[in-house]
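Please read them with the structure open beside you.

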Amino acid sequence: MKFKNQHLSQQEISLSDDEVNTLGPELVLEDCSVVSSCTAEAIVIAGVRMKGGVFDQRLPLSNYHFERAHFERVSFIGSYSGCDFGDWDSEQKSSIVDCDFTNARLDGSRFLRCKTETIRFPKWPCFTIVNPRSARQYVISQNWPGRVGTTLDIYTDADSECVAITGDAERIAKKNKLSVTDFRNLLIKIPGILIID
C-alpha cells in the first residue's frame with residue numbers, strides 16, 4: 001500500500017504485514033487513525049506529517065526509527081521496543097511534539113531532539129530517564145544487581161541529541177530475577193528519572 005501526495009483528514013489507515021506499506025512522500029494525516037498490524041520490515045516512511053489522531057501499533061514494533069516523520073498531538077498505542085522518535089541531525093527531517101504515550105509500552109526507545117516537557121511518557125512499569133547523558137556518571141558509579149548495570153550503561157551512553165529514553169521495568173526486573181518493586185527502588189535514585197503511576 002502506498003499513501004503519498006495526499007492530505008487526509010479523519011480517516012482510518014490500515015497497514016498490514018502482508019505487504020510493504022509506504023507513507024509519503026508529501027503525506028499529511030490530520031486527526032487520522034493509523035492502525036498498524038506490521039513489523040518494521042513492512043513500514044517505509046518516505047515523508048509523513050501526522051497532526052492529531054492515533055498511531056495504533058497492533059504488533060510489537062522493534063528497532064524502528066520513525067525517520068522522515070513529523071508527529072504533533074498524536075496518541076501512541078501499542079508496544080515499541082528499540083524505536084527512535086525524532087531525529088539525530090535535524091528537526092526538519094523528523095520531529096515529535098506534544099504527543100501522548102500513556103497508553104503505549106516502550107522498551108529501550110529513545111526521544112531525539114525534542115522538548116520532553118511536551119511529551120506524555122508511558123506509565124509504570126515503564127520508566128523514563130530524561131537527559132540520560134547527565135545520569136551516566138551516577139549509573140556507572142553504582143554496583144547494580146545482575147546485568148542491570150549493563151542495561152543502564154547502554155541507556156545512558158547517549159549523545160546529547162538523545163533527550164530521553166524509556167525502558168520496561170517489568171522486563172528488566174524479570175531478566176535479572178528482581179521484583180518490580182525492588183527494581184523501582186533502585187531506579188528512583190537515578191538523576192532525571194521519571195516514573196508515572
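1. Which residues of strand β5 (residues 27–30) lie on its covered face, and which on its uncovered one? Bearing in mind that this is a predicted model, the covered face is formed by Leu 27 and Leu 29, while Val 28 and Glu 30 make up the uncovered face.

2. Strand β5 has partners in two further strands, and I would look at them together. Strand β2 (residues 6–9) runs parallel to β5 and is joined to it by 4 bridges, with Ser 9 standing opposite Glu 30 of β5. Strand β8 (residues 48–51) is likewise paired with β5 in the parallel sense, over 4 bridges, and here Val 28 is found opposite Arg 49 of β8. Both Glu 30 and Val 28 belong to the uncovered face of β5.

3. A separate point concerns the open sheet of 3 strands, whose order is β1-β4-β7 and whose pairing is parallel. Because β1 (2–3) and β7 (43–45) each have a single partner strand, they stand at the edges, and one side of each is left without a neighbour in the sheet. The pairing of β1 with strand β4 (residues 21–23) is parallel and rests on 2 bridges, and within it Lys 2 stands opposite Thr 22 of β4.

4. There is also an open sheet of 5 strands, again with parallel pairing, in the order β3-β6-β9-β12-β15. Its edges are β3 (12–16) and β15 (100–107), and since each of these has a single partner strand, one side of each is left without a neighbour in the sheet. From one strand to the next the twist averages 10°.

5. How do the two helices meet? The axes of helix α1 (residues 132–141) and helix α2 (residues 148–156) come within 8 Å and cross at roughly 150°, which means that α1 is roughly antiparallel to α2; the crossing is left-handed. On the α1 side the contact involves Pro 132, Arg 133, Ala 135, Arg 136, Val 139 and Ile 140, and these meet Leu 152, Asp 153, Tyr 155 and Thr 156 of α2. Sorted by class, the contact of α1 with α2 has 6 nonpolar, 1 polar and 3 charged residues.

6. Some backbone details deserve a check by eye, given that most peptide bonds are trans and most residues other than glycine have a negative phi. The peptide bond from Gly 24 to Pro 25 is cis, with omega near 5°, and Pro 25 sits in the loop between β4 and β5. Trp 124 and Pro 125 are also joined by a cis peptide bond, with omega about 20°, and Pro 125 lies in the loop between β16 (109–112) and β17 (126–130).

7. Asn 5, in the loop between β1 and β2, has a positive phi of about 50° although it is not a glycine, and its relative accessibility of 53% makes it count as exposed. Arg 113, which lies in the loop between β16 and β17, has a positive phi near 45°, and with a relative accessible area of 31% Arg 113 is partly exposed.

Key. Residues are numbered from 1 along each chain as its sequence is written. This is a predicted model: local features need pLDDT of at least 70, side-chain atom pairs count only at pLDDT 80 or more; totals for chains, interfaces and linings use all residues. Side-chain values use heavy atoms; hydrogens and water are left out. Two strands pair if DSSP finds at least two bridges between them. Buried means under 20% relative accessible area, exposed over 50%, partly exposed in between (1.4 Å probe, protein chains only). Axes are lines fitted to C-alpha atoms, for helices over the stretch in contact, and angles run from 0 to 180 degrees between N-to-C directions. Angles under 35 degrees count as roughly parallel, over 145 as roughly antiparallel, 65 to 115 as roughly perpendicular and the rest as oblique. A crossing is left-handed if the near helix is turned anticlockwise from the far one by less than a right angle, and right-handed if clockwise. Contact means heavy atoms within 4.5 Å. Ala, Val, Leu, Ile, Met, Phe, Trp, Tyr, Cys and Pro count as nonpolar, Asp, Glu, Lys and Arg as charged, and the others, Gly among them, as polar.
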